[in-house]
Amino acid sequence: MENHCTIGNFGDGVRSDCRVTLEVRESGGSEIVIESKVKALFGKSIHKLAEDVLDFYKIENASLKIEDAGALDYVIAARIEAAIKKCIDTKDEYLFDALPQNTNKTRRDQFRRARLYLPGNTPKLAINAGIHQPDGIILDLEDSVAPPKKYEARFVVRNSLRNVNFYGAERMVRINQLPMGLEDLEFVVPHGVNLILLPKCEEAAQIQEVVAKIHAIEKDEEKASNIWIMPIIESAKGVMNAYQIASASPQVVAMAIGLEDYTADLGTQRTEEGKETYFARCMLVNAARAAGIQAIDSVYSDIDNMDGLTAFATFGKSLGFEGMGCIHPRQIMVINAAYAPEQKEIDKAKRIVVAFHEAEEKGLGVVALGSKMIDPPVVKRAHKTITLAIKSGILAEDWREA
């Protein structure tokens, strides 16, 4: 253990965060120093929070300096706790009560059109991310967090899961590659995560490791079984094992592809035309469909090219993908529009749903549309199209009455 450490971020461009410097001593009592532009307004409350955290961990002799850039309480507490755990051996967690809406479960067939990636160690980006209405918000512990910052990022992500209002977005976390990612799970499984993204997934055994760890952490079997998994395929080996990965556990509800790492693994360049990734995208869609889960496309990294994003998303939908990742809020509306059902899809779905309800009202066991019999999976898909059309603002909720 250390007796002196610095945790967090402070300086030009840093907002809604703080840097904490802690020294644990053998004597001399505790001294708390706060440097903040909002000290006149919030200095006393920050000081009280720091005292509470030190008292919680029974630290009586310490020097604690907080350089604040407008951090919220859950961020300050996360930074102080991370520093304390560098200095003393304890498994206790200093937690605020979770927001009621951050304890909900999500469905395995949840819409996952646009999922917004946020760096897990940059709290300013998470605070208002939900107002952009992505289907999911991904708190990232992997590529967007520098290796020296991964330890402290876990505390911020944990507290964000509990205390940030995501406005209904599915709460997702991308953990690190295994085995490091198994340690990440200890910080997110008990704290309201809905879905775990597993990067660089190449074998079904990796899924089974994650599932086993989730169930070891969360003793409530129902809660553990309702934490979903989305493996990310990012290599040639992963592509060739895609079906085994997709069918490795009932908790796998979607499978994504990461084309930047995939093309690097091939030793080629990712292009706008995308010929080099066509095989992998088709393989992933077919593997996902065969396993009965969602296929999720890669991110589109040029955040200024909306036409390129539209073309990429539209082509992805034509291949059978149901959504994609995004790295900037401005991409969300474009992705949602691209993945919205077309009018001919909506019209067909309406005819199927109407025929299904008419058959039900007549007590018929068989649903027919014209001379064609309609299977239950087709009816289910039609209902999903209708729901998506309503969610996309294309179709009124009372469309049957119109």
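Which elements do the buried residues of α13 pack against? The legends below take this up first and then turn to other parts of the structure.

The model is a predicted one, in which local features need pLDDT of at least 70, side-chain atom pairs count only at pLDDT 80 or more, and totals for chains, interfaces and linings use all residues. Residues are numbered from 1 along each chain as its sequence is written, and side-chain values use heavy atoms, with hydrogens and water left out.

View 1. Helices (H or I, at least four residues) and strands (E, at least two) are DSSP runs, numbered from the N terminus. Helix α13 covers residues 330-339, and because 7 of its 10 residues are buried, it is largely enclosed by the rest of the structure. Here buried means under 20% relative accessible area, exposed means over 50%, and partly exposed lies in between, with a 1.4 Å probe and protein chains only. The buried residues of α13 are Gln 331, Ile 332, Val 334, Ile 335, Asn 336, Ala 338 and Tyr 339. They pack against β5 (114-119), β11 (294-297), α12, β12 (323-326) and α15 (376-391), where contact means heavy atoms within 4.5 Å.

**View 2. The closed barrel and strand β5.** Eight strands, in the order β5-β6-β7-β8-β9-β10-β11-β12, form a closed barrel of 8 strands with parallel pairing. Neighbouring strands of this sheet are turned by 25 degrees against each other on average, direction ignored. Two strands count as paired if DSSP finds at least two bridges between them. Strand β5 is largely enclosed by the rest of the structure, because 5 of its 6 residues are buried. It pairs in the parallel sense with β12 over 3 bridges, and Arg 115 has Gly 325 in β12 as its bridge partner. With strand β6 (residues 136-140), β5 pairs in the parallel sense over 5 bridges, and Leu 116 stands opposite Ile 137 in β6.

View 3. An open sheet is formed by 4 strands in the order β1-β2-β4-β3, and its pairing is mixed. β1 (4-8) and β3 stand at the edges, each with a single partner strand, so one side of each is left without a neighbour in the sheet. Neighbouring strands of this sheet are turned by 10 degrees against each other on average, direction ignored. β1 and strand β2 (residues 17-24) pair in the antiparallel sense over 5 bridges, and Cys 5 stands opposite Leu 22 in β2. Helix α1 packs on the sheet, touching β3 and β4, and its direction makes about 145 degrees with that of β3; axes are lines fitted to C-alpha atoms, for helices over the stretch in contact, and angles run from 0 to 180 degrees between N-to-C directions. β3 and β4 pair in the parallel sense over 7 bridges, and Ser 30 stands opposite Ala 62 in β4. In helix α1 (residues 39-56), the buried residues are Gly 43, Ile 46, Leu 49, Ala 50, Val 53 and Leu 54, and what covers them includes β3 (30-36), β4 (62-69) and α2 (73-87).

**View 4. Helices α11 and α12.** The axes of helix α11 (residues 275-291) and helix α12 (residues 306-319) come within 10 Å and cross at roughly 45 degrees. That makes α11 oblique to α12, since angles under 35 degrees count as roughly parallel, over 145 as roughly antiparallel, 65 to 115 as roughly perpendicular and the rest as oblique. Tyr 278, Arg 281, Cys 282 and Val 285 in α11 meet Phe 312, Phe 315, Gly 316 and Leu 319 in α12.

View 5. Asn 159 is found in helix α4 (residues 150-163) and is buried, with a relative accessible area of 1%. Not counting residues up to four places away in sequence, Asn 159 touches Tyr 74, Ala 77, Ala 78, Leu 95 and Val 164. Leu 266, in helix α10 (residues 259-266), is partly exposed, with a relative accessible area of 41%.
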